[in-house]
Amino acid sequence: MALDFGQTARQMMSAMGNLSTTARSRRQRFADTLDRALAITPDDAAQRTASAANRPFIAARTGPEGLLDTIPPSPAPPDWTAVSVDGSHIDVDRHLPLRCYLINLGGCAITYGANPDCQFFSEPTLATGDADLYLRPDDGSNAETPVSGALLGALRTVREVERMADAVEAAPPTMPVLALLDGTLAFWDIQRGNYPRYVVEILVNGRLRTALARLREASRSRRPVALAAYTSRPQTTEVAGAVRACLCVSNPVECTRRCSARRSDLAQCDSAAGFDDRELFDALLEPGHRSPLYQTGRRASHFALDLAVGAEWSRFYYVNGGTEVARVEVPDWVAEDPDLLALSHAMLAKQCELGLGYPVVISEAHEQAVVSGRDREEFRKLTLMLMEQNGLPTPESAKTFSKRLPWA
Ligand SMILES: [Zn+2]
């Protein structure tokens, strides 16, 4: 018997009716939340979010710029340089007889103004030695952690920042530099991975902090360097959490006891729950405008890495690039210098305008860094061919492979 479309359609119509009622009430709840949040003064917001880390949901702390104010960009300077470095990698492949990984760093430096210039680079580095393939503590123990998966991703991020320091040091010394990293320095993957302490010591306290210090020094000794990490399509809820903390009528202890992580039986807290930051700023920010500066409210004890919550990398804002809202993390030396913060916003807004909604240098750096699916397959064939040519043992299939290669 054929499907009874009469019955199916009736059930479908009833489901649609429920969905549209839910959507309508959510829209209304969102509008009410925004209205109430916009009425909160910067002082009240700062006070209400000071204990944000003790709330049962993630909430940012607000500063002198307030909870949800919007800030227009100033014009970009006449002469300036935008630099970006991006990376991509080929992970360790356990089906290959050679243990190795490859990190490809790509980047771009564009100078605007009286002497325009544009430079690109693409630099693959193959790692085959034990010193690169494993992280080891320097305490003489025989502990080791293989560099692959999320840890390789974190190492790649560190290498991007190191390469960024090289690129900024090589940039024209007489004009401001916008130094844009793609993504976040919060290392979510590795924070969830429960790695031993020495991994954090080597990657973060050793290498990452050294590279960040070089960038800060480049800014202090020569000309302003506005360093930022840019996340397109963020899925964070920290500002929505700050709004909720401001609207919740309970103190943090009571809030933790009575309000659940997402929803609660307290009307004020409940009605402000369930939104994300992008939603808020889609509604609030005009193209080029940015949100106030926030400080992440995440608790240090939740994470294996200090950096994401340390004072030097805890500030962020949102910007409307023209076609979408992005999250921008900035280091302390940018956050605490109002002129440099304004300059960084001005250059970033201009980059987005030039890139029709997305920073030009990040797109170009990505083009230089990307390793395609075809590249990966060729990399595998090349490895097998070279092993065979050097008389190293390879799986039987490799021999057929190398005979077929046009350049073998
Ligand atoms: Zn609450």
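Nine strands form an open sheet with mixed pairing, in the order β1-β9-β10-β11-β8-β7-β2-β3-β4. Strands here are DSSP runs of E with at least two residues, helices are runs of H or I with at least four, and both are numbered from the N terminus; two strands pair if DSSP finds at least two bridges between them. At the edges lie β1 (61-62) and β4 (117-127), each of which pairs on one side only. The model is predicted: local features need pLDDT of at least 70 and side-chain atom pairs count only at pLDDT 80 or more, while totals for chains, interfaces and linings use all residues. Residues are numbered from 1 along each chain as its sequence is written.

Strand β1 pairs with β9 (residues 294-295) in the antiparallel sense, over two bridges. Thr-62 has Tyr-294 in β9 as its bridge partner. Helix α13 (residues 360-369) packs on the sheet and touches β2 (80-90), β3 (101-112), β4, β7 (177-182) and β8 (225-231). Contact requires C-beta atoms, placed from the backbone, within 7 Å. The direction of α13 makes about 145° with that of β3; axes are lines fitted to C-alpha atoms, for helices over the stretch in contact, and angles run from 0 to 180 degrees between N-to-C directions.

Helix α14 (residues 373-389) has 17 residues, which at 1.5 Å a residue should span 24 Å; the expected span is 1.5 Å times one less than the number of residues. The end C-alpha atoms of α14 are 25 Å apart, which agrees. Just after α14, Gly-391 has a positive phi of about 70°.

Helix α6 (residues 197-221) contains Arg-209.

Terms used: Contact = placed C-beta atoms within 7 Å.
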